Structures are given as structure tokens and as C-alpha cells.
Amino acid sequence: MIISKYNRIDKAIEDTISSLIGPQTKWLEQHSVANKKPAKMDVIEASQALTASFDPSHVAVISIEIEIRPSGILLVLNNKIQQVAWAIPFYRLAIFKTDYWGVHGDGQKVLLIDPKWRNKAFFNLLLQHKNALNQIDLN
């Protein structure tokens, strides 16, 4: 789900996101995942649906925040004037590592530049958390 003009203090928006990927703080405070934040990364490419609401003169400079939630992640794209949030449930999330990090879900994508691969441990932790939630007990 993509939310243009994202505002963290809008309770209706936060409730919608929480219903899709879980609450923001209480769950995270109990897990070590909560304390892990990625180092700064810049967006080198993003799907049109994610950048459509940005002012065209400011699209070139976009940074990103990634927040791990109980059932997914919240990506917040920021161009210093506006924020766009993208909530991705784990069952729709795919992450690829080539010359950059590729985050894909719901037919959308964001490509992130990570000089010196400083965020490798963060993405490994994220994928471990995703895999732990997706394991099915067949007994």
C-alpha cells in the first residue's frame, strides 16, 4: 500500500498501516530487531507510483527510512519537502542484492545505493525475521 503525503502523526493513516503490517512501537521494543536501523541510503530508482506525488524538480534527491514492523516493513521516501510511505507485508516482500539493494513488492520497486555495503547486517536481520515468520509447522 502506498500513501502519498505521509504524516506520522495522522492516526487514521497509522491505523491503516498497523492493520496491514503491525503496530509501530510496542512489538518492536520487545525484540532486538527494534534497535536496528539502516545507515543512510539514497534512492537511485523508484517505481512511478512511488514518486508520482513528488514535485518533479525535487525527485532527484530522495532518501529513505526503513522501519521493521511485526508483519512487514514500512519504507518512507523523503525528498525534504514531502514524504511517501510504502507498507509491504512480508509475504509480498522480495529483496535483491546486485550493485545496489533492490526492494520489491506489489509490482513496485525501489533501488537503493549503499556505499561500502554498510547495511548488509540490517538486511540479513530483516530477511531472518521475515523467514522466521514465514515458516510453517507441518506437525
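How many residues does helix α4 have, and how far does α4 reach from its first C-alpha to its last? I began my notebook with that, and here is what I found.

**Entry 1: ground rules**

I am reading a predicted model, so local features need pLDDT of at least 70 and side-chain atom pairs count only at pLDDT 80 or more, while totals for chains, interfaces and linings use all residues. Residues are numbered from 1 along each chain as its sequence is written, and side-chain values use heavy atoms, with hydrogens and water left out. Helices (H or I, at least four residues) and strands (E, at least two) are DSSP runs, numbered from the N terminus.

**Entry 2: helix α4**

I looked up α4 and found 15 residues, 120–134, reaching 21 Å from the first C-alpha to the last. That is close to the 21 Å expected at 1.5 Å a residue, where the expected span is 1.5 Å times one less than the number of residues.

Next I asked which residues of α4 are buried. For the cut-offs, buried means under 20% relative accessible area, exposed over 50%, and partly exposed in between, with a 1.4 Å probe and protein chains only. I noted Phe122, Phe123, Leu125, Leu126, His129 and Lys130 as the buried ones. They cover an arc of only 160° around the axis, which puts them on the same side of α4. The arc is taken from the directions from the helix axis to the C-beta atoms. Over on the other side of α4, I found Ala121, Gln128 and Ala132 exposed.

**Entry 3: helix α1**

I then turned to α1, residues 11–21, where Ile13, Glu14, Ile17 and Ile21 are buried. Seen down the axis of α1, these buried residues fall within an arc of 95°, so they line one face of the helix. Lys11, Ala12 and Ser19 are exposed on the other side of α1.

**Entry 4: a hairpin**

In which sense do β6 and β7 pair? I found strand β6 (residues 94–97) and strand β7 (residues 101–105) pairing in the antiparallel sense over four bridges; two strands pair if DSSP finds at least two bridges between them. Phe96 stands opposite Gly102 in β7. The two strands, β6 and β7, form a hairpin with three residues between them. In the loop between β6 and β7 I found Asp99, which counts as exposed at 67% relative accessibility. I also looked up the C-alpha atoms of Asp99 and Leu111: they are separated by 9.6 Å, and these residues are 12 apart along the chain.

**Entry 5: positive phi away from glycine**

Most residues other than glycine have a negative phi. I noted Trp117, not a glycine, with a positive phi of about 50°. Trp117 sits in the loop between β8 and α4 and counts as partly exposed at 30% relative accessibility. Asp106 is not a glycine either, yet has a positive phi of about 55°.

**Entry 6: nonpolar cores**

A nonpolar core is a set of buried Ala, Val, Leu, Ile, Met, Phe, Trp, Tyr and Cys residues joined through side-chain atoms within 4.5 Å. I found 24 residues in the largest one, where Ile64, Ile66, Ile73, Leu75, Val103, Leu112 and Phe123 touch the most other members. The elements giving two or more residues to this core are β3 (63–69), β4 (72–78), β5 (83–89), β7, β8 and α4. Apart from this core lies another, of eight residues, including Ile13, Ile17, Val76 and Ala87.

**Entry 7: salt bridges**

I counted as a salt bridge a side-chain nitrogen of Lys or Arg within 4 Å of a carboxyl oxygen of Asp or Glu, and the count comes to five.

- Lys40 and Asp42 meet at 3.4 Å, N to O; Lys40 is exposed at 58%, and Asp42 partly exposed at 33%.
- Arg69 and Glu67 meet at 2.5 Å, N to O; Arg69 is buried at 0%, and Glu67 buried at 9%.
- Arg92 and Asp106 meet at 2.9 Å, N to O. Arg92 lies in the loop between β5 and β6 and Asp106 in the loop between β7 and β8, so the pair ties together parts that are 14 residues apart in sequence.
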